[in-house]
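Work through the exercises below with the model open. Try each task before you read its solution.

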Amino acid sequence: MAHIDPTPKLDFDDVLIRPKRSTLSSRAEVDITRSYQFPHNNHIWTGIPIVASNMDTVATFEMATVLQEHQMLTCIHKHYNMDDWKTQASKLLPDHVAVTIGSSKQDFELLKNISQVRPITFICLDIANGYSEHFLDAVKRVRQAFGNSILIAGNVVTREMTEALIIAGADIVKVGIGSGSACITRRVAGVGMPQLSAIIECSDAAHGLGGHVMSDGGCRNPGDVAKALAAGADFVMLGGMLAGHDESGGEIIERNGKKYREYYGMSSHTAMQRHSGGKSDYRASEGKRVELPYRGAVKDTLQEIMGGVRSACTYVGARRLKDLPKCTTFFMVNRQTNDVYSRFDAGN
Ligand code: 5GP
């Protein structure tokens, strides 16, 4: 017999942050850097916990160059080869880039080879289904081989698997299934968890063990980033919000005098065609490809995101980003915004 969990599971759209009396008079007074210690190594990381997603349309070396200027992190996508790392990554700071791998032998070899030419602080072990037994083995293997690295592993959306990953050797658990803007897993497989509740549940589990969570997917605007951080995410990973820029990947398309840049899911037909010569018969595509209006330099988008997070902190009286979750009460709502003039939007 199937079971039903009757407790409501919420997404970013289901809540708003309740404003509170605050002694802060300006957003400039808010400190949005965080310092973290980790359960499996002795690093102390300080930075702004915004992360570029390990997708080839997002996490390029060019993206990492700009994000590190803002003390943010880029999980470099796994489709660069050794030559690319040798020739293009020399100016990237180990504390602001993660090397991404899947569970394959080739990826592990590449990781080892990269570690011969540069120090590796962060490793991102990314598997679409973080619930498979072999994933825990992969986490243990990487932990054993790279004892002092900060290991990010995912994706999962529930308490028990968050705990299992941290016990197996992960420092940061990546949280999110089905929430991504280029993802169709919920449509194809019917699997997933609304992102805000996933963050609340997994962060509680991770923090109990001295670990951290990285909310991954579903942020469409700076308000969603603020909600993710307020819900307990230690890091927020972004795909679509950082796609479509000068520094992103993906083809640039010119049509009717307008410029677009493609963004596609890593398990879309497009990605599988580009990186593995097509899709195996037993797999369904679980990602889509979109063409986004070209958005120029990513630094302007980063400023908007940081401005939004600072503003949220000011509204609830959190002088430091660290204080945001404990200063936050969420209202459950059934309408987010007043869209009466959305057809006449002229920018801002
Ligand atoms: P976004 O920030 O665009 O909402 O979500 C980005 C996240 O979507 C990625 O970091 C990754 O976790 C997820 N994602 C990327 N490609 C795919 C895909 O093809 N299928 C699925 N199910 N998720 C994807």
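Helices (H or I, at least four residues) and strands (E, at least two) are DSSP runs, numbered from the N terminus. This is a predicted model: local features need pLDDT of at least 70, side-chain atom pairs need pLDDT 80 or more, and totals for chains, interfaces and linings use all residues. Residue numbers start from 1 along each chain as its sequence is written, and side-chain values use heavy atoms, without hydrogens or water.

**Exercise 1. The chain as a whole**

Task: Count the helices and strands in the chain, then find what share of the residues is buried.

Solution: 
- Step 1. The chain has eleven helices and 15 strands.
- Step 2. Apply the burial classes: buried is under 20% relative accessible area, exposed is over 50%, and partly exposed lies in between (1.4 Å probe, protein chains only).
- Step 3. Of the 348 residues in the chain, 52% are buried.
- Step 4. Check the radius of gyration, taken over C-alpha atoms; the globule rule is 2.2 Å times the number of residues to the power 0.38. A compact globule of 348 residues would come out near 20 Å, and the chain has 20 Å, so the two agree.
- Step 5. The C-alpha trace spans about 55 × 55 × 55 Å along its principal axes.
- Step 6. Turn to contacts, meaning heavy atoms within 4.5 Å. Among contacts in the chain with a separation of 6 or more, 66% join residues 24 or more positions apart.

**Exercise 2. The ligand site**

Task: Which residues are closest to the ligand, and how much of the ligand's area does the protein cover?

Solution: 
- Step 1. A residue is near a molecule or strand if one of its heavy atoms lies within 4 Å of it. The ligand is surrounded by 21 residues, and the closest are Ser53, Ser181, Thr185, Asp216 and Tyr263.
- Step 2. Sort the shell by class. Ala, Val, Leu, Ile, Met, Phe, Trp, Tyr, Cys and Pro count as nonpolar, Asp, Glu, Lys and Arg as charged, and the others, Gly among them, as polar. The shell holds six nonpolar, 13 polar and two charged residues.
- Step 3. Look for polar contacts: pairs of N or O atoms within 3.5 Å; within protein, one must be able to donate a hydrogen and the other to accept it, and residues adjacent in sequence count only if both atoms are side-chain atoms.
- Step 4. The Ser181 side chain places an N or O atom 2.6 Å from a ligand oxygen. Gly240 uses a backbone N or O atom, 2.8 Å from an oxygen of the ligand. The Tyr263 side chain has an N or O atom 2.6 Å from a ligand oxygen.
- Step 5. On its own, the ligand has 520 Å² of accessible area, and the protein covers 88% of this. Such areas come from the Shrake-Rupley method with a 1.4 Å probe; for residues, only the protein chains shown count as cover.

**Exercise 3. Helix α1**

Task: Which residues of α1 are buried, and what do they pack against?

Solution: 
- Step 1. In α1 (residues 61-69), the buried residues are Phe61, Met63, Ala64, Val66, Leu67 and Gln68.
- Step 2. They pack against β4 (50-52), β5 (73-76), α2 (82-88), β6 (97-101) and α10 (298-316).
- Step 3. Just after α1, Gln71 takes a positive phi of about 65 degrees.
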